[in-house]
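Subject: Structure for you to look at

Hello,

Here is the structure I said I would pass on. My notes follow it; please read them with the model open.

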Amino acid sequence: MSDDTIAALSSGALPSGIAVVRVSGPAARMAMTRIAGAVPPARQASLRRFRGPDGRLVDRGIAVFFEGPGSVTGEDLAEFHLHGGRAVVAAMLVALTALSGVRLAVPGEFTRRAFENGRIDLTEAEGLADLLAAETEGQRRMAVAQAGGALRAVYEDWMRRLTHARAMIEASFDFADEGDVSADVGKGVAPAIGQLADDMRAHLAGAARGEILREGYKVAIVGAPNAGKSSLLNALADREVAIVTDVPGTTRDVIEVTLDLGGIPVRFSDTAGIRDTSDLVEAIGVERARATMAKADLVLALVDPHQPDRALDPFVELATHVKHPAAAPALDGDRTSPVGAPQVLLVRTKIDVPSPDVSRAPDSNSDFRFDFALSAHSGEGLGALVERIAALAADAAGDPDEAVPLRVRHSELVADALAIVEEYLDGPAMPAEVAAETLRRAGNRLGALTGQVGVEDLLDVIFSEFCIGK
C-alpha cells in the first residue's frame, strides 16, 4: 500500500456533461469526509454538496466510496461525480490537493497501484493501455481480451505446468527414500514439457498477427514518378494528404495514413517515385521508398500505361516474378514473393484517361495481368481494391479475440523461456538437480511476463503510456 494519496480527473477531456474525479490512498476516506461532509455507505451513490477546505461550495454532485482492497486500485478510493466544466474540475482538484497528504497523480499511477496491490497483472495493465489507445474494432476486441486476462490465463497455465514438472523432478531425488514416492516419479515429465514447448511455439507463431492488430497492416504504395501514388493515397483517405502535381519527383519522403478497414488498422505509405536520379534529396526519398516496400505486408505497384517506356518494366517484373500462394484460393490472384517478402498487387492507374498505347503494357507473350485497374480521380475501381486490401488485412490479423503475443517484450520473454525449455529437452541425461534448475529458470522468464519477477525496470516505461487519471 502507498503512503500517499493521489487525485486526478479520470473521465477524460473537458468540458463534458459529467466529470469524475478520483482519489486513491490512505487519505481517501478523510478527503471524502472533508469535501462531501461524510463518507457514504460503500459502493452506494449519494447526492452531496462538495465544499473546499475554506467551506466554499465547489459543486453539487454524486459521491461514491470504495473500500480497499475491493476497489480498482486495491486501496480506499473516493469518486466525486460533478459537472464537467473546466473551472469546476480545477476548483475540485485545488480543494483536494489542499488537504494534507493528497497530491495530483502522474500518468498511469492509478493502474500502477492496481498492479502493485495485486488487482491486475502486467499483461492486463498493458491491455488497459491498449484499450485506451484503441482506434478500430479489432484493436478494441484485442485489448478487451487482454485486459480481461486472456494472456494471463495462458501464461499462468504454462507456469502451473512447469511448477508441476519441477515438483515431480525434485520429488525423485528429495524423497526417493520415502516408501510412497516412486523412484521413476519424474519419468513422465519430458513428454509433458515437450507438449508445453509445442504450445509455446504455436503461441509465438501468432506474434505477427498481434503486431498487425496493434501497429497496423502495412501497405506500401510504390511506382514510378507520376504513376498516381499520391492521388491514390488522397482518394483512400478522402482528403488532401499528399501534394499532387505534374512535376515528377514531387513526393520526397514517406507519407502515412492509417485507415480502419473492417476493424483492422491499415497503414498506407505513399513513397517517392522509384527511378535513377542525380538529385540527392530525391535519391534519399527513393531509398526510403525501397526500405518501406521491404518492410510492408502488401505492396501496391502502380503502373501508368501512358508512360510505358520509363514506368512499366520494373513493376511488371516485380509482380510477374512472384507466384500465387497455393494454399489460399480465397485470395487467388495475389502475387507473393518468397517467404517473408510482401504480397504484391499490380494496379493500373488513370483508367479515366484514354491510353494510346495500352498494347505495350505489357508484352502479350508474358503471363502478366493487372490485378486492379482504377481511377483515383473518378473513384472507378477504388472500391474493389479497398475490399481486397481489407480481406488481406483481416486474414493477416486473424481473430482479435485470440490470445497472441501483442508486444515485443511478450515475444522476447516467451522465446527466452522456450529456449530454456528446449535446453532441458535436448539434455535427457542431465542430472535431476540440473533439470529442475533449468525448468526454474524457464519459469522465471514466464513470471516476468505477468510481472511476478524481474520487471521493476520496465514499470516506469509501461505505466507512462497511460493518461493522467488512469
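Predicted model: local features only at pLDDT ≥ 70, side-chain atom pairs only at ≥ 80, totals over all residues.

Strand β1 (residues 5–9) runs parallel to β6 where the two pair, and three bridges join them. Two strands count as paired if DSSP finds at least two bridges between them.

Residues are numbered from 1 along each chain as its sequence is written, and side-chain values use heavy atoms, with hydrogens and water left out.

The sheet around β1

The pair β1 and β6 belongs to an open sheet of six strands with mixed pairing, in the order β3-β4-β5-β2-β1-β6. Its edges are β3 (46–51) and β6 (102–104), each of which pairs on one side only. From one strand to the next, the twist averages 30°. Helix α1 (residues 28–36) packs on this sheet and touches β1, β2 (16–24), β3, β4 (57–66) and β5 (77–84). Contact means heavy atoms within 4.5 Å. The direction of α1 makes about 35° with that of β5, whereas helix α2 (residues 86–97) runs at about 150° to β5. Helix α2 lies across β1, β2, β3, β4, β5 and β6. Axes are lines fitted to C-alpha atoms, for helices over the stretch in contact, and angles run from 0 to 180 degrees between N-to-C directions.

A covered strand

Is β10 (residues 298–303) mostly covered or mostly open? It is mostly covered, with six of its six residues buried. Buried means under 20% relative accessible area, exposed means over 50%, and partly exposed is in between (1.4 Å probe, protein chains only). On one side of β10 the buried residues are Leu 298, Leu 300 and Leu 302; on the other they are Val 299, Ala 301 and Val 303. Strand β7 (residues 217–223) pairs with β10 in the parallel sense over five bridges, and Val 219 has Leu 298 as its bridge partner in β10. Strand β12 also pairs with β10 in the parallel sense, over six bridges. There, Leu 300 has Leu 345 of β12 as its partner.

Salt bridges

Side chains of opposite charge can pair when their charged atoms come close. A salt bridge is a side-chain nitrogen of Lys or Arg within 4 Å of a carboxyl oxygen of Asp or Glu. The structure has 29 of them.

One joins Asp 130 and Arg 407, at 3.0 Å from N to O. Asp 130 sits in helix α4 (residues 122–133) and Arg 407 in the loop between α12 (382–397) and α13 (408–425), so the pair links parts of the chain 277 residues apart. Both residues are buried.

Asp 157 and Arg 161 both lie in helix α6 (residues 150–174), four residues apart, about one turn of the helix. Asp 157 counts as partly exposed because its relative accessibility is 27%. Asp 199 is in helix α7 (residues 189–205), 38 residues from Arg 161. At 26% relative accessibility, Asp 199 is partly exposed too.

There is also a salt-bridge network linking Asp 4, Glu 75, Arg 103, Glu 109 and Arg 113.

A loop residue

Asp 352 lies in the loop between β12 (343–348) and β13 (372–373). Apart from neighbours within four places in sequence, Asp 352 is in contact with Ser 375, His 377 and Ser 378. Asp 352 and Ser 378 are 26 residues apart in sequence, and their C-alpha atoms are 7.2 Å apart.

The whole chain

The protein chain has 15 helices and 13 strands. Of its 470 residues, 46% are buried.

Regards
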